[in-house]
Amino acid sequence: QQKVVYQLSNNDPFIHKSLIGQLFSLLDALDGITIEVVTHGYGIDFLLKDSPFTTMIEALGEKGVVFMVCRNTLDEGKTEATDVMGLVKIIPAGVAHVVIRQSEGWSYIKAGF
């Protein structure tokens with residue numbers, strides 16, 4: 001079984017749109033794949049309740065994609081957990097999570113161009 005962790009630290013809507021396309025394509029290409037999207041820094045904008053991509057993110061969540069937001073980033077930016085979409089998991093440290101996943105053998109993809 002394939003496992004991949006995406007790292008998103010950018011708030012560019014073109015990158016967000018590209019990421020959504022990649023996630024749907026990956027789900028179509030590989031049956032049973034496990035996907036996590038870890039956001040930190042400016043990337044958390046992607047998973048806030050006012051994101052223009054809410055509908056697509058929810059659809060991906062229904063297909064099993066797990067979305068995560070870094071607690072450190074929330075605290076630094078004075079962003080409340082209630083500002084994040086309900087399906088999102090809040091993790092202590094986004095970069096640390098990515099490091100752990102890589103050490104566990106997960107494939108790593110940096111979202112962006």
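How many of the six residues of β2 are buried? Five of them are, leaving β2 mostly covered; buried here means under 20% relative accessible area, exposed over 50% and partly exposed in between, with a 1.4 Å probe and protein chains only. Please keep in mind that this is a predicted model, in which local features need pLDDT of at least 70, side-chain atom pairs count only at pLDDT 80 or more, and totals for chains, interfaces and linings use all residues. Residues are numbered from 1 along each chain as its sequence is written, and side-chain values use heavy atoms, with hydrogens and water left out. Helices (H or I, at least four residues) and strands (E, at least two) are DSSP runs numbered from the N terminus.

**The sheet**

- Five strands build an open sheet with parallel pairing, in the order β4-β3-β2-β1-β5; two strands pair if DSSP finds at least two bridges between them.
- At the edges sit β4 (89–91) and β5 (107–110), each of which pairs on one side only.
- On average, neighbouring strands are turned by 25 degrees against each other, direction ignored; axes are lines fitted to C-alpha atoms, for helices over the stretch in contact, and angles run from 0 to 180 degrees between N-to-C directions.
- β1 and β2 pair in the parallel sense over six bridges, and Leu8 stands opposite Thr39 in β2.
- Four bridges join β2 and β3, again in the parallel sense, with Glu36 opposite Val66 in β3.

- A right-handed β-α-β unit is made by β1, α1 and β2; right-handed means that, with the strands pointing away from the viewer, the path from the first strand over the helix to the second runs clockwise.
- β2, α2 and β3 make a right-handed β-α-β unit as well.

**Helix α2**

- Thr54, Ile57 and Leu60 are buried in α2 (residues 54–62).
- Seen down the axis of α2, its buried residues fall within an arc of 125 degrees, so they line one face of the helix; the arc is that of the directions from the helix axis to the C-beta atoms.
- Thr55 and Glu62 are exposed on the face turned away from the buried side of α2.
- The cover over the buried residues of α2 includes α1 (13–29) and β3 (66–70).

**Aromatic cluster**

- There are two aromatic pairs, where rings of Phe, Tyr and Trp (its six-membered ring) pair if their centres lie within 6.5 Å, and planes under 30 degrees apart count as stacked, over 60 as edge-to-face and the rest as tilted.
- The ring centres of Phe46 and Phe53 are 6.2 Å apart with planes at 45 degrees, so this pair is tilted.
- Phe46 and Phe67 have ring centres 6.3 Å apart and planes at 55 degrees, so their pair is tilted.
- Since Phe46 lies in the loop between β2 and α2 and Phe67 in strand β3, their pair ties together parts that are 21 residues apart in sequence.
- Ring pairs link Phe46, Phe53 and Phe67 into a cluster; Phe46 and Phe53 are both buried, and Phe67 is buried with a relative accessible area of 0%.

Definitions and conventions
Contact = heavy atoms within 4.5 Å.
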